[in-house]
Amino acid sequence: MSEFFDAFTGANLGYLMDGLGITVGVSVISVVLSLIIGSIIGIILFEKLPYFSSLVGTLNNIVRNLPLLLIIFFTYFALPQFGVHLPIFWATVVAMTGFQSAMLAEIVRGGLEAVDRGQFEGARANGLSNMQTMIHIVLPQAYKKMIPPIISQLISLVKDTSLASGIVLAELTYRGQIVYAQNSNYIVPVLLFMTIVYFLLNYGLSLIAKWFDRRLA
Amino acid sequence: MSMIEFKDVQKYYGDFHALYDINLKIDAGETVVLIGPSGSGKSTLIRTINGLEEIEEGQLEVDGFDLHDPKTDMNKIRKNVGMVFQHFNLYNNKTVIENIMLAPRLVLKRDEAENKKIAMELLEQVGLVDKANAMPSSLSGGQKQRIAIARSLAMKPKALLFDEPTSALDPEMIGDVLDVMRDIAKNSSMTMLVVTHEMSFAKAVADRVIFMADGRILEDSSTEAFFDNPKEPRAKKFLSQVEHH
């Protein structure tokens, strides 16, 4: 049993925790950006602006139907061919944000469509502009309905940061692989460690979501 | 002075001709009731007046604005023309008092203390002061509709449109809502256009009755003339049907 803890030398543990830091960094930045961008795209899709909305909708559908790993490869390996050189951390953030924005946009569009038509008509007939109707009446009601699917999407974002190990971003999963490559006795303890860390991270996220849900209800 | 004027207005939903040759003039301060069988175009007509439905042909002038002109700012009309809906359409995410105060705050930039004072007076008028901080979901249909009326009145509109305001209510709730409407008709100079099936209300408060069927205005008479001696056979038939209830 003592062998079990051998994996967690100070150096290994520090190395893994640094990886966790990168995982959390990519996640937090991508969550914030994709919530903003996804909301904007979702509203564009919902508003059915002539030409523009269907163009955005088509692009959004393409992104949504690609494997995330392919998008990560694209931002890290293909963009430099077009003269865009992103550091590995930011290449991951761009890929995660692009993919998650597309997923969230569909959730936002659906949430907006689930708001009763009467809410729009009541507000517009009351003299509110389209923008005021959105901000004060429709979006707050839509987000309330959208919290559970948004949170499950954000949880998958956090989990999917592990895919960036595919481009050798030194996040938690990649570093875990490095550590257990030293000694096959480390495989189970390190994977177990990663299991607990990812679980706590995402479970924490769902607890925050529950708190929000209760506060808004 | 005319508040609302339709000239040869046509409205289509695809191939369906929803409003046919509508010519109608409503003066400021008039109370007009619009009746007719379901599917006759009453709701469509009333919804064109604040631009919730667009017209395809003809001219529609409301409060001096031309609604068929794409340059017309619809929000300016809606500021002066309120609407009360069959299904209330209260803001589900706002308390009762916030429902009433929101549009005056955002659109009229009314001072907050003044806004609150007016809202409380309106709650008093509709008899729901104790519900100021309630959420709409906790109210009965009749209470919701009285709040919806208060919300419209808070904008101090020149005209108020009622689109079947009592049709979704339980019978015992209808009286309270009609009382509030009767009070507005009697005690204010507001122009009122009411789509309803409540004939006793029409008889009691309307200056004029308009009868519609199949997207056309078939009869436009003073209230007395309409109920005592309807000219149109379809209006006669309609009246005999609704009065048998």
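Gln141(A) sits in helix H7 (residues 130–160) of chain A. Helices (H or I, at least four residues) and strands (E, at least two) are DSSP runs, numbered from the N terminus. This is a predicted model: local features need pLDDT of at least 70, side-chain atom pairs count only at pLDDT 80 or more, and totals for chains, interfaces and linings use all residues. Residues are numbered from 1 along each chain as its sequence is written, chains are lettered from A and ligands numbered from 1 in the order in which they are written, and side-chain values use heavy atoms, with hydrogens and water left out.

Gln141(A) is buried, at a relative accessible area of 11%. Buried means under 20% relative accessible area, exposed over 50%, partly exposed in between (1.4 Å probe, protein chains only). Beyond its neighbours within four places in sequence, Gln141(A) contacts Val115(A), Gln119(A), Asn92(B) and Asn93(B). Contact means heavy atoms within 4.5 Å.

Now chain B. All five residues of strand E8 (residues 191–195) of chain B are buried, so the strand is largely enclosed by the rest of the structure. Thr191(B), Leu193(B) and Val195(B) point one way from E8(B); Met192(B) and Val194(B) point the other way. Two strands pair if DSSP finds at least two bridges between them.

| Strand paired with E8(B) | Sense | Bridges |
|---|---|---|
| E3(B), residues 31–35 | parallel | four |
| E7(B), residues 159–163 | parallel | five |

Val32(B) stands opposite Leu193(B). Leu160(B) has Met192(B) as its bridge partner.
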